[in-house]
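Dear colleague,

Please find the structure below. Notes on what was found in it follow.

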Amino acid sequence: MAIDIWPGWVGGIGIGLFVILHFWIMGRPAGCSTGYGNFCGYICRLNYFRSGEYKELNNPRLWFLLGIPVGGLISAQASSEPWHVSFTMGMYDAVLPQTFTGKALWLTFGGMLLGFGARLAGACTTGHALVGGAMLNPPSLVAGMVFFASAMGMTWLLFYV
Amino acid sequence: MTTRTKNILGWLLGALFGFLMSRAGATTYDYHAKMFLFQDFQLMEVIGVAVLIGMAGIWWMQSRHMLSLSGDPIQFPRKPWNDTLVLGAFLFGIGWAMTASCPGTVPAMLGEGKLPALFVLLGIVLGTFAYGVLQDARLSCRRD
């Protein structure tokens, strides 16, 4: 799957403008990871997913998540290579488990760390590193640095050990 | 502004976000590995420029006390410190390295037809669910 990629600074300007646009349109910061709890609220009866931020489950945060695949689809459709499904992961194919089951379990476990870690930390790359970084919020800057440092350490272990 | 209008606007913003993530290279696995191995700085450039633009925009909106589209003051809540922030961020980073994706890029990857994202998506929902289970258990312990 080859997506046509913009130069980094063009992508950066686009995403920076998106952050501003989101503040203006929704009146609040953009975020991704919190919306996953809305799905949990629909499939279980835990108090945590029925109160506080999750009091109203059918909210813009949930719809934001549902909109993201549409953008990915449009981007892929408008790329020079035709849209197709793929199970390849580029450089990662050489270092991840080689069987289908192994790869599936690896990715599911990695996803669990993303979901669980984001709730423990209060936000993900979008809420902490991108928006929190733009607000120069100290806890977000720390979280962003730890995200990056631990991902870098783990990537080195994966590729060089 | 009705809830339905807000939901539709949220959906449209999500589509824009997914498109931008895709074009910026954040949904392309190799850019993540190459950034962490110091071979290519596409994603560093993206987030660096995005944060600077966002910073300027937020400063501008705050200094003018700009109102949102619906006419209310824009809220700029700051994520607070908490005891589990560093541990959570550490675990999140491991997950990032294992999957070369994050909660914002996974739905965009699905739209692009990248099937590995299905498993990551399942994992994110399970991980979020596990946090909810822990929170409920903690609250009921306190009540007892």
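**Contacts between the two chains**

Between chain A and chain B, the count of salt bridges is zero. Please keep in mind that this is a predicted model.

Polar contacts are a separate matter: 31 residue pairs are in polar contact across the interface of chain A and chain B, with both residues at pLDDT 80 or more. As for which parts of chain A are involved, the elements that give two or more residues to its side touching chain B are helix 1 (8–26), helix 2 (36–43), helix 3 (60–77), helix 4 (100–121), helix 5 (125–134) and helix 6 (138–160). Helix 4 of chain A supplies the largest share of that side, 18 residues. By type, the residues on the side of chain A that touches chain B are 76 nonpolar, 35 polar and three charged.

How many residues of each chain are in contact? In chain A there are 114, and they are in contact with 106 residues of chain B. The area buried between chain A and chain B is about 10,100 Å². Carbon and sulfur atoms give 76% of that area. On the side of chain A, the residues that lose the most area to chain B are A:Tyr36, A:Leu114 and A:Leu120. Together these three make up 8% of what that side buries.

**Chain A by itself**

The secondary structure of chain A consists of six helices and zero strands. Taken along the principal axes, the box filled by the C-alpha atoms of chain A is roughly 45 × 35 × 35 Å.

Which residues make the nonpolar surface patch? From chain A they are A:Trp156, A:Leu157, A:Tyr160 and A:Val161, and from chain B they are B:Phe38, B:Phe41 and B:Met44. The patch has an area of about 770 Å². Helix 6 of chain A gives the most to this patch, with three residues. A:Leu157, one of the patch residues, lies in helix 6 of chain A. Helix 6 is also among the elements of chain A that give two or more residues to the side touching chain B.

Regards

Definitions and conventions
Residues numbered from 1 in each chain as written. Chains lettered and ligands numbered in written order. Predicted model: local features only at pLDDT ≥ 70, side-chain atom pairs only at ≥ 80, totals over all residues. Heavy atoms only, no water. Contact = heavy atoms within 4.5 Å. Buried area = accessible area lost by both parts, 1.4 Å probe. Salt bridge = Lys/Arg side-chain N within 4 Å of Asp/Glu carboxyl O. Polar contact = N/O pair within 3.5 Å; in protein donor to acceptor, adjacent residues only side chain to side chain. Helix = DSSP H or I, 4+ residues; strand = E, 2+ residues; numbered from the N terminus. Nonpolar A, V, L, I, M, F, W, Y, C, P; charged D, E, K, R; others polar. Patch = residues over 30% accessible without salt bridge, like charges linked within 9 Å, V, L, I, M, F, W, Y side chains within 5 Å. Areas by Shrake-Rupley, 256 points an atom, 1.4 Å probe, with all protein chains shown as cover.
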